[in-house]
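Please open the model in your viewer and keep the selection panel at hand. The stops below proceed from whole domains to a single residue.

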Amino acid sequence: MANDKETIVSLKDLEISFGSGKNKFVAVQDVNFDIFKGETFSLVGESGSGKTTIGRAILGINPTSNGTITFEGDQINGKISEKKKHTIERKIQMIFQDPSASLNDRATVDYIISEGLYNYGLFDSEEDRIQKVRTMLEEVGLLPEQLYRYPHEFSGGQRQRIGIARALIMQPDLVVADEPISALDVSIRAQVLNLLKKFQREQGVTYLFIAHDLSVVRFISDRIAVIRAGRILELAPTEELFTNPIHPYTEALLSAVPVPDPQIARTRKSYVYDPSMHHYETDKPKFVEIKPGHFVYCNEEEEARYIKELKQQGQL
Amino acid sequence: MSDEKEPILKIDDLSVHFHVRGKTLKAIHHVSMNLYEGEVLAIVGESGSGKSVLTKTFTGMLEENGEIAGGTIVYKGKHLEKLTKDKQWEGIRGKEIATIFQDPMTSLDPIRTIGSQIAEVVVKHQGKSKAEAKKIAIELMDRTGIPNAAARYNEYPFEYSGGMRQRIVIAVALACHPDILICDEPTTALDVTIQAQILDLIKDLQHEYGFTTIFITHDLGVVAAIADRIAVMYSGRIIEYGTCDEIFYDPRHPYTWSLLSSLPQLAQKGGELYSIPGTPPSLYKDIVGDAFAPRDPWAMKVDFKADPPFFKVSDTHYAKTWLLDPRAPKTEKPALIQNLHERMAATVAESHLENLDLTRTDAKEDETDGE
């Protein structure tokens with residue numbers, strides 16, 4: 001895509017399916033995108049669209065049925081050596097949606113945050129380990145005396161901080177954050193988002209942010225891919241996507257986001273997207289770069305129409 | 001909405017306590033509130049602020065360890081706080097005051113067909129025959145937007161999507177023609193496009209059936225779309241209430257200011273998102289003064305000593321903050337939420353949506369903003 005940026009993850013013609021034969025269900029198909037080092041790339045879609053499935057495939061949890069996932073130049077899907085897997089599992093970390101479900105209830109915060117360090121022997125001595133954990137705890141805004149407490153003693157926002165600490169202490173290159181703030185209150189949400197941004201500024205970590213809340217996504221992302229029914233329909237830099245959405249589904253999605261302003265909310269109408277508006281029987285669709293960095297899933301007829309419209313608006 | 005009108009539901013000085021392992025949790029603290037016929041009252045607050053607990057008292061659905069520690073709830077002349085047995089609640093709960101919850105699967109029986117669950121309610125509350133009930137149930141399914149309702153009558157909840165299930169829960173609630181419909185975060189678990197459809201549906205049905213709605217949510221975007229009036233809750237207290245426009249364009253309580261400031265739409269790209277420092281107070285302890293004071297950058301000494309009363313802003317708008325005391329220093333709302341409408345309009349306009357008319361219909365707000 002852009003040449004000046006270093007690609008950290010690259011997905012090519014990715015297909016993920018579950019079951020086989022008659023029961024085969026293709027959850028995700030024809031997925032192509034690159035994530036650049038140091039950026040926040042968001043995958044936005046409704047439930048069942050396949051956004052989490054893609055995230056899990058990058059983590060190696062879901063097997064892929066076609067295509068490649070390349071991470072830092074190496075293919076990481078399909079058959080890979082145990083050694084390579086071990087390395088990747090440190091470099092790619094995950095933050096989950098529900099912090100109460102993803103933390104071991106019977107382990108102390110100290111153990112939860114240290115677990116990865118133990119698995120990879122990432123400390124020189126016991127003092128070194130404790131020092132690392134304490135520093136991390138402080139970074140995420142928790143107190144040293146909370147180190148030996150259990151997850152249930154914390155609020156939702158604090159638990160999510162523990163989840164972030166556990167992921168980031170591994171000094172990952174890529175963090176897959178799957179709806180990390182959906183379960184949190186508005187004011188706590190802001191704290192967690194600011195924290196994620198802080199780590200990005202300081203450590204240059206790359207985020208794959210999986211979300212459905214477009215107002216939050218707009219604030220945090222550099223680029224956004226819109227996914228529906230297992231296909232990426234549009235991909236563009238954040239402001240470009242919000243200002244000039246091209247695919248009708250993206251427009252429908254944007255129009256449905258509630259605006260916290262009574263006067264606008266009263267007059268606003270949301271579009272309904274009807275997939276049967278596309279005529280893909282003979283003229284097959286492709287993922288086309290319609291403007292530099294702005295990709296849309298469309299067929300030749302639609303592409304011609306989009307280009308004509310963009311020219312009329314003076315954008316091309 | 002003015003005070004002269006007789007409220008359909010009148011809550012006066014209500015307190016609710018929970019007994020947890022020998023300790024008392026004061027979930028609702030001296031709350032008074034009126035609900036007027038035909039309106040949509042939104043109750044806004046974060047988790048633990050008491051918004052769900054408050055409305056549970058209207059249908060006698062407090063958990064076993066909870067009790068109404070004081071105050072009154074008067075509905076059509078009946079004192080609901082005095083009802084203790086399920087038998088006494090019959091005829092009110094579900095029939096006159098119905099509730100829709102966040103997760104439709106908590107309200108639906110997974111091993112019974114959708115249709116039979118609606119029909120059951122019709123038989124029980126309207127005394128119809130089974131055949132009539134089926135007909136009414138299909139009509140309701142149709143009305144709540146279930147395509148091909150007659151054919152889907154015999155399907156099970158698992159065969160429905162989340163949005164469809166929530167439509168069914170709404171159909172069940174409406175089967176009794178309730179006076180008051182309590183919607184407890186009904187769209188929180190749904191996708192945005194489905195959320196928009198469900199909100200439209202609730203609005204349409206309200207027009208048609210004429211029920212009064214209490215809408216509980218933490219999403220200010222949803223509130224803006226649906227509410228006539230808003231009550232903001234914090235730590236078991238209502239701290240501000242007013243019309244939808246008053247709360248968005250002329251908020252007076254520092255907590256309301258903070259809540260609005262946290263909206264991601266207001267954040268500068270690449271900057272920090274406004275976040276409220278600290279956490280809400282423990283409700284096991286007695287709170288002295290204004291509950292929000294420890295997190296409030298505008299807190300005055302008095303906020304740590306005395307619980308503020310409600311000060312009147314307009315006939316419809318009241319806020320529980322000492323900042324409105326005539327002796328308090330004049331304090332403007334934070335710059336971030338001044339011109340809220342213009343800022344929001346700008347983000348929407350950038351989104352190249354439809355041709356919105358972005359001029360204010362009510363010019364009065366501009367004057368009260370004090371700019």
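Begin with chain B, where the centres of domain 1 and domain 2, taken over C-alpha atoms, are separated by 31 Å. The model on display is a predicted one. To colour the two parts, select residues 1–96 together with 177–371 of chain B as domain 1, and residues 105–175 of chain B as domain 2.

Next, display the place where these domains touch. Here 13 residues of domain 1 of chain B are in contact with 10 residues of domain 2 of chain B. Select helix H8 of chain B, residues 192–209: this helix supplies 6 residues, the largest share of the domain 1 side. Colouring that side by class will show 10 nonpolar, 2 polar and 1 charged residues.

Remain in chain B and turn to its sheet. This open sheet has 8 strands with mixed pairing, in the order E6-E7-E8-E3-E9-E10-E12-E11. Its edge strands are E6 (97–100) and E11 (311–312) of chain B, each of which pairs on one side only. Select E11 of chain B together with strand E12 of chain B, residues 318–319; these two pair in the antiparallel sense over 2 bridges. Within this pair, B:Lys312 has B:Tyr318 in E12 of chain B as its bridge partner.

Now show both chains and move to the contact between them. Chain A contributes 35 residues and chain B contributes 44 residues. On the chain A side, the elements that give two or more residues are helices H7 (186–203), H8, H9 (238–243), H10 (248–256) and H11 (262–267) of chain A. By class, the chain A side comprises 18 nonpolar, 13 polar and 4 charged residues.

For the last stop, select helix H8 of chain A, residues 214–220, and centre the view on A:Ser215, which is found in this helix. Is A:Ser215 buried or exposed? A:Ser215 counts as buried, because 20 C-beta neighbours lie inside 10 Å, and the threshold for this class is 20 or more. Which residues does A:Ser215 contact, once its neighbours within four places in sequence are left aside? The contacts are A:Val257 in chain A, and B:Pro264 and B:Gln265 in chain B. Finally, draw a distance from the C-alpha atom of A:Ser215 to that of A:Leu168: these residues are 47 apart along the chain, and the two atoms are separated by 25 Å.

Technical notes. Residues numbered from 1 in each chain as written. Chains lettered and ligands numbered in written order. Predicted model: local features only at pLDDT ≥ 70, side-chain atom pairs only at ≥ 80, totals over all residues. Helix = DSSP H or I, 4+ residues; strand = E, 2+ residues; numbered from the N terminus. Buried ≥ 20, exposed ≤ 12 C-beta atoms within 10 Å, placed from the backbone. Contact = placed C-beta atoms within 7 Å. Pairing = 2+ DSSP bridges. Domains from an automatic or database assignment. Nonpolar A, V, L, I, M, F, W, Y, C, P; charged D, E, K, R; others polar.
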